[in-house]
Amino acid sequence: MTATTTSTAAASAVGATFTRVEGRDKVTGTARYAGDIPFAELAHGWLVLSTIARGRVLSVEADPVREMPGVLAVLHHGNAPRVDGDYVSMLGVPDPIVEVFQHDKVPFVGWPVAMVVAETSEQAREAAEALVVRYEEEPHDVAFSAAHPGLYTPEGDGHLVEKGDLEAELAASAHVVDAEYTTPEEHHGSMEPHAAMARWDNGRLEVVDSNQGSTWVADELSKLFSLDPTSVRVRSEHVGGAFGSKGVRVHQVLAVMAATLLDRPVRVVLSRRQLFTLTGYRSPTAQRVRLGADADGRLRAVDHQGHSLTSTVHEFVEASAGFGRPLYAADAHRSVNRVVRLDVPTPTYVRAPGEAPGSFALESALDELAERCGVDPIALRARNEPDVGPVSGLPFASRNLLSAFEEGARRFGWADRDPRPGLRREGRWLLGTGTAAATFPVIVMPSTAAVTAEADGTFTVRVTAADVGTGARTALTLIAAEALEVPQDRVRVRIGDSDFGPAAISGGSMGTRSWGWAVRMAVADLREQLALGGDIPPQGITVRSDTSSAVGGLSQKERHSYGAQFAEVAVDATTGEVRVRRMLGIFAAGRIINPLTARSQFVGGMTWGLSMALHEEAHRDQATGGHVGADFAGYHFAANADVPVIEADWVEDTDADDPVGIKGIGEIGIVGAAAAVANAVWHATGVRHRQLPIRPDRVLDAGGAPGA
């Protein structure tokens, strides 16, 4: 075929609504997830987790279990292959839990102490549940509070930021808000469990996994097992949810260990209860917010202190105090994150880490300040709109927060709102409305991509992206089609294979931005080659891109997505039940690639924010150190009946200085949503709730259902 890509009939794909390119495969069951793919001679591993919160393993009584039907091996600290966790990965030093079975110490309930491998999953589970492990138990501490004596400020990463004389500005303020807000431990167990199969194929390790970055997982496995990076291949084509949990975990490591020992494929799938221990969670937070403003509501001081927990073996900080740094102008600013080490599993990234709990605290405090100043909450935010980054002093790349509020207020009917609380009523229901701001940083990572012009006139894109359910595969198809100026049905996108080369992970709302940039760069080079003319050979013409230099050359600016969240609630004056009646989110989030999947992302985040506000909280037994109700029956989250009609839309948001214009939308939907609901509950009842979730008993205990 002649080397040409132009198509006069092809309209721009980006910005038009398209269904998912893999949608039919998913609804018909053709799409295979990591735990579904068959392999010859596949064996199965089942984990055994510690039942004590601190101590050490005295013995693993494996001999009786080895005699059980189908059992092939019992791995534990006494016989497991050695691994080396002394390295730095894409996200820093690895959590020592990936150095599984390397010692006899137990740092928390649910620490892996053994794994049974058997011919079938059922045989492995039966044997694992029969395995006797004896411990030497030590006293433990799992009690988190803002007054814990072990709290400290971590080093690096901007955990302490200060500007101006905070105490002087607070003292000179006409209005001061000083309040503590708390959020509980929250979990992000996805519908698809964590699963990985490992096998050796002609001297090369192959792992079929469910993850947020196949290059990331391959790199860490090669380091852990001291392998040549080129000898490790990780594939993850379809992922049924992740939300920050599907990085490098113990199941991939154990699958490789067992496959190496048995010289046959081994799959390890975590159970639903094991997810609550082994795949991370959002730390509880206790946040103190102090705001000082003059008589007109102009901020003089912002003080946000965030406290969270981490494990004794690895430091992870839920950086809630950083949320407001790009938001509001103030003469003095302090934001500090503190953390305490407890005998609990290590927390991890959960959708909008830091921003989700941080927005609840700060945006609730802003609502309290608006009440004290007698200023409309939206007007108060407009009054404190900064010209440059309030802390950084950098110019904003684009900032359309007020446009989002203006459009949201118009569509929500905000102008008709009586600001006085506790006045609107329908029978036993008290009605209220609330709003909150949202922001999330625009992040990008260097990525590579390859684009091939095939001899049949189609194009193949290869990039190690991860579609965790967001529609990334479809978005990349549209980005490539637009850049090539061809209809999208002439583009095939292949993802989720570490052999395609280094690429960003699916996390931090950076995926589509990072991968799309690499695809566009490769297409540009390919089109230059095709413009030279000539026939395309049978193997096609392939061009590869690397955005490392381009990413490093980005100008220093404040780059963020923004949003305005609105909620209306009804509170039962008799029972204290809170029902959300409607939600609206208007976002300024750069270039929207596919409105269909983008709206789904926004609505999904807002739904999670509703769930955060009213339902979700994990409970830890202080006596045992373990969870109470670590499953989807005991951990309550919003069901269909809890979720009203939710509207999400966006305003124009163009950054002329940005080469891609894509900002990322995975996180921004949850940010501020819980605060909007909580502010609406105050407007309905006249009582402020600073502790999530807002359960019926808390509404009644606070006297927040007047007229009952």
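What follows is a quick chat about the whole chain and then two residues.

Me: What am I looking at, and what cut-offs apply?
Reply: This is a predicted model, where local features need pLDDT of at least 70, side-chain atom pairs count only at pLDDT 80 or more, and totals for chains, interfaces and linings use all residues. Residues are numbered from 1 along each chain as its sequence is written, and side-chain values use heavy atoms, with hydrogens and water left out.

Me: OK, how many helices and strands in the protein chain?
Reply: The protein chain has 16 helices and 26 strands. These are DSSP runs numbered from the N terminus: H or I over at least four residues for helices, E over at least two for strands.

Me: And how compact is the chain?
Reply: Its radius of gyration is 26 Å, close to the 27 Å from the globule rule for 708 residues, so the protein chain is as compact as a globular protein of that length. The radius is taken over C-alpha atoms, and the rule is 2.2 Å times the number of residues to the power 0.38.

Me: What box do the C-alpha atoms fill?
Reply: Roughly 75 × 75 × 50 Å, along the principal axes.

Me: How much of the chain is buried?
Reply: 60% of the 708 residues count as buried. Buried means under 20% relative accessible area, exposed over 50%, and partly exposed in between (1.4 Å probe, protein chains only).

Me: Switching to single residues. Where's Glu220?
Reply: Glu220 is in helix α5, residues 214-224. Glu220 is buried, at 5% relative accessible area.

Me: What does Glu220 touch?
Reply: Leaving out residues up to four places away in sequence, Glu220 touches Tyr87, Ser89, Pro94 and Val248. A contact here means heavy atoms within 4.5 Å.

Me: Which side chain makes a polar contact with Glu220's?
Reply: That of Tyr87, at 2.6 Å. A polar contact is a pair of N or O atoms within 3.5 Å; within protein, one must be able to donate a hydrogen and the other to accept it, and residues adjacent in sequence count only if both atoms are side-chain atoms.

Me: Now Arg559: buried or exposed?
Reply: Buried, with a relative accessible area of 11%. Arg559 sits in the loop between α13 (548-552) and β22 (560-572).

Me: What does its side chain reach?
Reply: Arg559's side chain reaches the backbone oxygen of Ser555 at 2.7 Å. Beyond four places in sequence, the residues Arg559 touches include Arg513, Asp655, Asp657 and Asp658.
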